[in-house]
Amino acid sequence: MKKVTAIICSVIMSCAMFVSCGDESSSSKAEEASSAVTSEVSADDTSDSKTAETNSDATYAAAYTEKLKDGNFSIEMTTESDYTGAFTIKMESSGENFHMYMDLGEYGATDTYYLDGKMYTLEEATKTYMVFDMSDEEVGGEDAVSTGFGLEDDYDFVSSEETDDGLICETYSFVDEMLAADSETEVDPSTVKYYFDKTSGDLKEVEVTQMGITQTVTVNSFVVGDVEITLPDLTDWTETDVSSLYDDEDFDFSDSEIEFSEEEPMETDEAE
C-alpha cells in the first residue's frame, strides 16, 4: 500500500530520507544490527545475536514487519509532518480482511473495510457508503506492511544504535523510484528511522524523511493476535451506487470514429 500510504505518506504516507543515526564502519554496523535483534531473541542469547545475518534479517524492524505480514493485529498511530497537523490512523487486520480508519482533521475522515472480497467505504458525515468488488485484489500481507510503515523490499539497512533515552534507533534508506523518474538530477536517498523499546522490542516511533520533509509516526498501541473485523450497523445508512458515479457515454470511446490529425498553427493578428 504505497498506494494507501500515499494518503498518509502521501497525504501525509509513502518518504525520502538522508539522515543516519550514526556513521559507524560496515563491520560495526553489522555487529550492532545483529545485537539489536528482535524482541523474540533474548538479551542473554549473545552468541546467536553476533552470528545473525546482517542487513534487516535480525533487527527489531524485521520482527515488527513479520508481525504485519502475519496479518493478525490492530494498531493505532498518530502521524504528523512539517506541513500537516496530527492525523489519527487505526488499522485492524485479520487474514485477508482489513479495516483502516483515518481521521485527517479538517480534511475529514475515511473509513474503509475490506471484507470477503469487497471494499466498503463509509462517509460518516453523510451516512452514505459504497461497495466495490475486490475479489481479484489481494489485501493484507504486503499492503499491511506498507500501510503499517514496515520494511519494504527496497529498504537498505544503514545502522543501529541506542539513543540517549534508551531506545534502539534503526536507520534504513531507499531511493524513491517515482521521484527519481521525475527528477532531472540525482535524488537523495530517503531515510526511515525506527525507534524501539530496548527491553520489550515494542515500536514507539517512526520517522520518514523525504526531500527534507520529515513525517513522524507515533505508535499509540500495537496488539498482535486474533482480531474480529465487522461492518458497523448500516441500517440507517444510504448506499451509493458505484456505477452512478460514471457516465458511460462520457468515458466509453471504444466505438468512436473520431480521427485526429495534426493541428494547423493558430492564426493570430500581428500587433500594430
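The dialogue below works through some salt bridges and aromatic pairs in a predicted model.

Student: What makes Glu66 and Lys69 a salt bridge?

Tutor: The closest N and O atoms of Glu66 and Lys69 are 3.8 Å apart, and a salt bridge requires a side-chain nitrogen of Lys or Arg within 4 Å of a carboxyl oxygen of Asp or Glu, so the pair counts as one. Both residues lie in helix α4, three residues apart, about one turn of the helix.

Student: Why is Glu66 called partly exposed?

Tutor: Glu66 has a relative accessibility of 42%, and partly exposed is the class between buried, under 20%, and exposed, over 50%, so Glu66 belongs to that class. Lys69, at 35%, is partly exposed too.

Student: How many salt bridges are there by this rule, and what parts of the chain does the one between Glu162 and Lys198 tie together?

Tutor: The count comes to three salt bridges, and among them is the one where the side chains of Glu162 and Lys198 meet at 3.1 Å, N to O. Glu162 lies in strand β7, whereas Lys198 lies in the loop between β9 and β10, so this pair ties together parts that are 36 residues apart in sequence. Glu162 is partly exposed, with a relative accessibility of 43%, and Lys198 is partly exposed with a relative accessible area of 43%.

Student: Turning to the rings, how many aromatic pairs does a search of the whole structure find, and why is the pair of Phe98 and Tyr114 called tilted?

Tutor: The search finds eight aromatic pairs. The rings of Phe98 and Tyr114 have their centres 6.2 Å apart and their planes at 55 degrees; centres must lie within 6.5 Å, and planes under 30 degrees apart would be stacked and over 60 edge-to-face, so this pair is tilted. Phe98 sits in strand β3 and Tyr114 in strand β4, 16 residues apart.

Student: How do you know whether Phe98 is buried or exposed?

Tutor: Phe98 has a relative accessible area of 0%, and buried means under 20%, so Phe98 is buried. Tyr114, at 11% relative accessibility, counts as buried as well.

Terms used
Residues are numbered from 1 along each chain as its sequence is written. This is a predicted model: local features need pLDDT of at least 70, side-chain atom pairs count only at pLDDT 80 or more; totals for chains, interfaces and linings use all residues. Side-chain values use heavy atoms; hydrogens and water are left out. Helices (H or I, at least four residues) and strands (E, at least two) are DSSP runs, numbered from the N terminus. Buried means under 20% relative accessible area, exposed over 50%, partly exposed in between (1.4 Å probe, protein chains only). Rings of Phe, Tyr and Trp (its six-membered ring) pair if their centres lie within 6.5 Å; planes under 30 degrees apart count as stacked, over 60 as edge-to-face and the rest as tilted.
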